[in-house]
Amino acid sequence: MSNHLSNNSQFFAYLVCLACGENWRLMLGIAGLPSILQFFAMLYLPESPKWLIKTNQNSKALDVMKKIFHERTAEAKEEIQHEFNHIIDSISKEGGGVIKLRDTYVQLFTIYRRSLFVGVMLQVWQQLAGINTAMYYGPFIMKQAGMGGDTDRQTLIRSIPLGAINFLGTIVAVFYTDK
(Lines give C-alpha, C1' and ligand atoms only; values in the text may rest on other atoms or scores of the structure.)
Protein backbone atom coordinates (compact mmCIF):
# COMPACT_ATOMS: atom_id res chain seq x y z
CA MET A 1 0.00 0.00 0.00
CA SER A 2 2.83 2.39 0.71
CA ASN A 3 3.99 2.29 -2.88
CA HIS A 4 0.44 3.03 -4.02
CA LEU A 5 0.59 6.21 -1.96
CA SER A 6 4.00 6.96 -3.40
CA ASN A 7 2.68 6.65 -6.95
CA ASN A 8 -0.23 8.92 -6.16
CA SER A 9 2.01 11.50 -4.56
CA GLN A 10 4.09 11.64 -7.74
CA PHE A 11 1.04 12.87 -9.65
CA PHE A 12 0.39 15.54 -7.04
CA ALA A 13 4.09 16.41 -7.05
CA TYR A 14 3.80 17.29 -10.75
CA LEU A 15 0.89 19.59 -9.92
CA VAL A 16 2.68 21.21 -6.96
CA CYS A 17 5.81 21.68 -9.05
CA LEU A 18 3.72 23.34 -11.73
CA ALA A 19 2.04 25.63 -9.18
CA CYS A 20 5.26 26.59 -7.35
CA GLY A 21 7.36 27.26 -10.42
CA GLU A 22 10.98 27.89 -9.50
CA ASN A 23 10.43 28.16 -5.74
CA TRP A 24 12.04 24.88 -4.65
CA ARG A 25 11.95 25.84 -0.96
CA LEU A 26 8.16 26.07 -1.05
CA MET A 27 7.97 22.71 -2.86
CA LEU A 28 10.17 21.12 -0.20
CA GLY A 29 8.08 22.65 2.59
CA ILE A 30 4.82 21.43 1.08
CA ALA A 31 6.27 17.91 0.80
CA GLY A 32 6.97 17.89 4.54
CA LEU A 33 3.45 18.89 5.61
CA PRO A 34 1.80 15.45 5.26
CA SER A 35 4.58 13.86 7.33
CA ILE A 36 4.19 16.41 10.09
CA LEU A 37 0.41 16.03 10.06
CA GLN A 38 0.68 12.23 10.20
CA PHE A 39 3.17 12.40 13.07
CA PHE A 40 0.87 14.48 15.26
CA ALA A 41 -2.24 12.50 14.29
CA MET A 42 -0.42 9.29 15.21
CA LEU A 43 -0.08 10.52 18.79
CA TYR A 44 -3.88 10.25 19.15
CA LEU A 45 -4.17 6.80 17.60
CA PRO A 46 -5.31 4.11 20.03
CA GLU A 47 -3.58 0.76 20.36
CA SER A 48 -5.17 -2.25 18.70
CA PRO A 49 -7.67 -3.97 21.04
CA LYS A 50 -6.36 -7.38 19.98
CA TRP A 51 -2.78 -6.42 20.80
CA LEU A 52 -3.86 -5.00 24.16
CA ILE A 53 -5.67 -8.24 25.02
CA LYS A 54 -2.66 -10.30 23.94
CA THR A 55 -0.47 -8.23 26.26
CA ASN A 56 -2.91 -8.75 29.13
CA GLN A 57 -4.32 -5.20 29.13
CA ASN A 58 -8.00 -6.11 28.88
CA SER A 59 -9.37 -2.98 30.55
CA LYS A 60 -7.47 -0.74 28.12
CA ALA A 61 -8.72 -2.87 25.23
CA LEU A 62 -12.28 -2.42 26.41
CA ASP A 63 -11.76 1.35 26.71
CA VAL A 64 -10.43 1.51 23.14
CA MET A 65 -13.37 -0.51 21.87
CA LYS A 66 -15.76 1.85 23.64
CA LYS A 67 -14.16 4.74 21.75
CA ILE A 68 -14.32 2.88 18.43
CA PHE A 69 -17.95 1.79 18.76
CA HIS A 70 -19.15 5.00 20.48
CA GLU A 71 -20.79 3.38 23.48
CA ARG A 72 -24.12 5.25 23.61
CA THR A 73 -26.87 2.70 23.33
CA ALA A 74 -27.55 -0.72 24.76
CA GLU A 75 -26.99 -2.18 21.29
CA ALA A 76 -23.57 -0.58 21.12
CA LYS A 77 -22.67 -2.01 24.52
CA GLU A 78 -23.74 -5.46 23.36
CA GLU A 79 -21.69 -5.08 20.18
CA ILE A 80 -18.64 -4.06 22.19
CA GLN A 81 -18.98 -7.06 24.48
CA HIS A 82 -19.57 -9.37 21.50
CA GLU A 83 -16.44 -8.07 19.72
CA PHE A 84 -14.41 -8.27 22.93
CA ASN A 85 -15.43 -11.91 23.44
CA HIS A 86 -14.76 -12.64 19.76
CA ILE A 87 -11.21 -11.28 20.05
CA ILE A 88 -10.55 -13.35 23.17
CA ASP A 89 -11.90 -16.46 21.40
CA SER A 90 -9.74 -15.84 18.33
CA ILE A 91 -6.64 -15.38 20.49
CA SER A 92 -7.32 -18.62 22.33
CA LYS A 93 -7.87 -20.45 19.00
CA GLU A 94 -4.56 -19.09 17.78
CA GLY A 95 -3.02 -20.65 20.84
CA GLY A 96 -1.77 -17.36 22.10
CA GLY A 97 -2.03 -15.82 25.45
CA VAL A 98 0.16 -13.03 26.66
CA ILE A 99 2.96 -12.42 24.17
CA LYS A 100 6.29 -10.73 24.50
CA LEU A 101 8.12 -8.63 21.92
CA ARG A 102 10.87 -11.25 21.61
CA ASP A 103 8.25 -13.90 20.77
CA THR A 104 6.84 -11.79 17.94
CA TYR A 105 10.28 -11.50 16.34
CA VAL A 106 10.85 -15.22 16.73
CA GLN A 107 7.49 -15.86 15.03
CA LEU A 108 8.36 -13.42 12.24
CA PHE A 109 11.45 -15.38 11.29
CA THR A 110 10.05 -18.88 11.90
CA ILE A 111 6.30 -19.19 11.42
CA TYR A 112 5.92 -16.23 9.07
CA ARG A 113 9.27 -16.61 7.29
CA ARG A 114 7.69 -17.39 3.91
CA SER A 115 5.26 -14.44 4.17
CA LEU A 116 8.11 -12.13 5.14
CA PHE A 117 10.19 -13.34 2.19
CA VAL A 118 7.32 -12.83 -0.28
CA GLY A 119 6.59 -9.34 1.08
CA VAL A 120 10.21 -8.23 0.95
CA MET A 121 10.77 -9.68 -2.53
CA LEU A 122 7.63 -7.98 -3.88
CA GLN A 123 9.03 -4.65 -2.74
CA VAL A 124 12.48 -5.43 -4.16
CA TRP A 125 11.10 -6.42 -7.57
CA GLN A 126 8.82 -3.41 -7.62
CA GLN A 127 11.84 -1.16 -7.13
CA LEU A 128 13.90 -3.06 -9.71
CA ALA A 129 11.09 -2.75 -12.28
CA GLY A 130 12.05 0.89 -12.70
CA ILE A 131 8.68 2.62 -12.53
CA ASN A 132 9.96 5.08 -9.93
CA THR A 133 12.75 6.10 -12.27
CA ALA A 134 10.34 6.52 -15.17
CA MET A 135 8.04 8.65 -13.04
CA TYR A 136 10.84 10.75 -11.58
CA TYR A 137 12.47 11.42 -14.93
CA GLY A 138 9.16 11.48 -16.84
CA PRO A 139 9.37 15.14 -17.92
CA PHE A 140 12.99 14.74 -19.00
CA ILE A 141 12.21 11.54 -20.94
CA MET A 142 9.25 13.20 -22.67
CA LYS A 143 11.40 16.18 -23.62
CA GLN A 144 14.14 13.91 -25.01
CA ALA A 145 11.47 12.01 -26.98
CA GLY A 146 10.37 15.26 -28.61
CA MET A 147 7.07 15.44 -26.74
CA GLY A 148 8.12 18.22 -24.37
CA GLY A 149 7.65 21.92 -24.80
CA ASP A 150 10.07 24.76 -25.35
CA THR A 151 10.19 25.53 -21.63
CA ASP A 152 10.39 23.37 -18.55
CA ARG A 153 6.88 24.49 -17.59
CA GLN A 154 5.44 23.27 -20.88
CA THR A 155 7.26 19.97 -20.53
CA LEU A 156 5.89 19.56 -17.02
CA ILE A 157 2.36 20.29 -18.22
CA ARG A 158 2.71 17.70 -20.97
CA SER A 159 3.93 15.07 -18.50
CA ILE A 160 0.93 15.47 -16.18
CA PRO A 161 -1.00 12.77 -18.10
CA LEU A 162 1.81 10.33 -17.22
CA GLY A 163 1.23 10.98 -13.53
CA ALA A 164 -2.56 10.98 -13.97
CA ILE A 165 -2.55 7.56 -15.65
CA ASN A 166 -0.33 6.19 -12.88
CA PHE A 167 -2.67 7.71 -10.29
CA LEU A 168 -5.83 6.28 -11.88
CA GLY A 169 -4.25 2.86 -12.39
CA THR A 170 -3.25 2.79 -8.74
CA ILE A 171 -6.76 3.74 -7.60
CA VAL A 172 -8.24 0.91 -9.67
CA ALA A 173 -5.64 -1.54 -8.32
CA VAL A 174 -6.42 -0.59 -4.72
CA PHE A 175 -10.06 -1.61 -5.15
CA TYR A 176 -9.13 -5.00 -6.65
CA THR A 177 -6.17 -5.84 -4.39
CA ASP A 178 -8.16 -7.62 -1.69
CA LYS A 179 -10.37 -9.46 -4.15
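Which helix gives the most residues to the lining of the largest pocket? H1 does, with 9 residues.

The model is predicted: local features need pLDDT of at least 70, side-chain atom pairs count only at pLDDT 80 or more, and totals for chains, interfaces and linings use all residues. Residues are numbered from 1 along each chain as its sequence is written, and side-chain values use heavy atoms, without hydrogens and water.

A pocket is an open set of points on a 1 Å grid over the protein atoms alone, where a 1.4 Å probe fits, with protein on both sides within 12 Å along at least five of seven lines; lining residues have an atom within 4 Å of a point. The volume of the largest pocket is about 940 Å³. Its lining has 28 residues, and Ala13, Tyr14, Cys17, Met27 and Leu156 lie nearest the centre. Helices here are DSSP runs (H or I, at least four residues), numbered from the N terminus. Among those giving two or more residues to this lining are helix H1 (2–20) and helix H10 (152–177).

Phe39 and Phe40 form an edge-to-face pair, because their ring centres are 5.2 Å apart and their planes are at 75 degrees. Rings pair if their centres lie within 6.5 Å, and planes over 60 degrees apart count as edge-to-face. The table gives the accessibility of both residues; partly exposed lies between buried (under 20% relative accessible area) and exposed (over 50%), with a 1.4 Å probe and protein chains only.

| Residue | Relative accessibility | Class |
|---|---|---|
| Phe39 | 43% | partly exposed |
| Phe40 | 48% | partly exposed |

Methods
Phe/Tyr/Trp six-rings, centres within 6.5 Å; stacked < 30°, edge-to-face > 60°. Points joined across faces, edges and corners; volume = space filled by probe spheres on them.
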